[in-house]
Amino acid sequence: MFGKAEDKANEAAGAVEEAFGKATDSPEHQVRGAARKYASQASYAARDAADSVRTQVESNPLAGVAIAAAVGIVFGFLLGRK
């Protein structure tokens, strides 16, 4: 839960740094701010997806096991090919 809040705070800080870079015409601050903002957005999306998967598996554990088995079989097939 706190990870998502931290991601949102980092996203806001990145947006502020990017705006500061635009205001002062500093490409370094613009790039660092944009990188921080987009990295935080990606982290938030990954955490949200993991929470969604966790919720689905908790509500239906048998389907989670079946999906994990299917993924394992596909990886085994792909890695076993020569």
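This report describes the fold, the annotated regions and selected residues of one predicted protein chain.

## Basis of the model

The model is predicted: local features need pLDDT of at least 70, side-chain atom pairs count only at pLDDT 80 or more, and totals for chains, interfaces and linings use all residues. Residues are numbered from 1 along each chain as its sequence is written, and side-chain values use heavy atoms, with hydrogens and water left out.

## Overall architecture

The chain contains 3 helices and 0 strands, and its order along the sequence is α-α-α. Helices (H or I, at least four residues) and strands (E, at least two) are DSSP runs numbered from the N terminus.

The C-alpha trace spans about 55 × 40 × 10 Å along its principal axes. The radius of gyration of the chain is 20 Å, whereas a compact globule of 82 residues would have a value near 12 Å. This radius is taken over C-alpha atoms, and the globule rule is 2.2 Å times the number of residues to the power 0.38.

## Surface and contacts

Of the 82 residues, 17% count as buried; buried means under 20% relative accessible area, exposed over 50%, and partly exposed in between (1.4 Å probe, protein chains only). The chain exposes about 6200 Å², of which carbon and sulfur atoms supply 66%. Accessible areas come from the Shrake-Rupley method with a 1.4 Å probe, and for residues only the protein chains shown count as cover.

Contact means heavy atoms within 4.5 Å. Among contacts between residues at least 6 apart in sequence, 42% join residues at least 24 apart.

## Annotated regions

UniProt, in an unreviewed entry, lists residues 4–54 as "domain: CsbD-like". Over this range the chain is 96% helix and 0% strand, and the end C-alpha atoms lie 15 Å apart.

The unreviewed UniProt entry also carries the annotation "transmembrane region" for residues 62–80. That segment is 100% helix and 0% strand, with 27 Å between its end C-alpha atoms. UniProt positions are given in the numbering used here, feature names are shortened, and annotations may be inferred rather than shown by experiment.

## Helix 2 and its cover

Helix 2 comprises the 33 residues 27–59; at 1.5 Å a residue it should span 48 Å, and its end C-alpha atoms are 48 Å apart, which agrees. The expected span is 1.5 Å times one less than the number of residues.

The buried residues of helix 2 are Gly 33, Ala 34, Lys 37 and Ser 40. Their cover includes helix 1 (2–24).

## Selected residues

Glu 18 belongs to helix 1 and counts as buried because its relative accessibility is 13%. Leaving aside neighbours within four places in sequence, Glu 18 is in contact with His 29, Gln 30, Gly 33, Ala 34 and Lys 37.

Arg 36 is located in helix 2 and, with a relative accessible area of 36%, is partly exposed. Not counting residues up to four places away in sequence, Arg 36 touches Asn 10, Ala 13, Gly 14 and Glu 17. The C-alpha atoms of Arg 36 and Arg 47, which are 11 residues apart along the chain, are separated by 16 Å. Asp 25 is found in the loop between helix 1 and helix 2. Asp 25 has a positive phi of about 55° although it is not a glycine, and at 65% relative accessibility Asp 25 counts as exposed.
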